[in-house]
Amino acid sequence: MPKLVLLSEGLTGRTYELKNGTTTVGRVPDNAFEIAEASVSSHHAELTLRGNDVAVKDLGSTNGTFINGEKIEEGVLKPGQILRLGMIEMRLETGDAAAMATTAPAASKKTLEQTRVIPQGIKLDELEGARPLAFDKNTGFERKSDRGTKIFIALAVIVGLLLVGLLIIILMRGGAG
């Protein structure tokens with residue numbers, strides 16, 4: 001009997017044996033096959049067993065239904081292919097080694113075709129019009145002057161002396177009166 005084997009982390013190895021007729025798959029308990037994961041819609045898809053193949057119908061899910069990476073509204077899942085509901089992946093297995101051998105290479109080829117090379121960036125000398133950096137010129141990295149700090153300290157000392165002088169005058173007048 002064909003079964004779905006979950007491949008996603010946290011659910012790895014969990015299986016669901018498909019029965020004749022229609023099976024509903026979704027996040028809530030009233031589905032025949034419940035997958036309690038946020039990316040799976042409450043009523044995500046319908047699966048209908050047809051021999052060793054499974055007819056898959058998306059039920060208007062939020063995050064989509066995919067067979068071997070291709071988004072589908074309706075499609076046929078063959079043994080060895082990957083069904084993805086939201087972020088949850090599962091593989092259809094029949095226990096028939098010959099059926100698995102014929103579809104597995106196609107599935108792995110499709111996965112390789114979808115592999116993307118992530119660019120590593122560029123080196124400084126590969127930039128158009130690149131020039132070597134000289135830190136002895138005005139590059140913004142030279143030492144800044146302390147002139148502003150010196151002016152601030154001088155003003156703070158003057159204000160402080162004025163305040164102390166005023167305080168002394170107030171105390172002398174208050175003591176004299």
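User: How do I read the words buried, partly exposed and exposed here?

Analyst: Buried means under 20% relative accessible area, exposed means over 50%, and partly exposed lies in between (1.4 Å probe, protein chains only). E93 is buried, at 19% relative accessible area. R91 is partly exposed, at 25%. This is a predicted model, where local features need pLDDT of at least 70 and side-chain atom pairs count only at pLDDT 80 or more, while totals for chains, interfaces and linings use all residues. Residues are numbered from 1 along each chain as its sequence is written, and side-chain values use heavy atoms, with hydrogens and water left out.

User: How many salt bridges does the rule give?

Analyst: Side chains of opposite charge can pair when their charged atoms come close. The rule asks for a side-chain nitrogen of Lys or Arg within 4 Å of a carboxyl oxygen of Asp or Glu. The count here is two. One joins E93 and R91, at 2.9 Å from N to O.

User: Which residue forms a salt bridge with D53?

Analyst: K78 does, with the closest N and O atoms 3.1 Å apart. D53 lies in strand β6 (residues 53–58) and K78 in the loop between β9 (74–77) and β10 (82–85), so the pair ties together parts 25 residues apart in sequence. Strands are DSSP runs (E, at least two residues), numbered from the N terminus. D53 is partly exposed at 23% relative accessibility. K78 is also partly exposed, at 35%.

User: Where is V159?

Analyst: V159 sits in helix α2, residues 147–176. A helix is a DSSP run too (H or I, at least four residues). V159 counts as partly exposed, at 47% relative accessibility.
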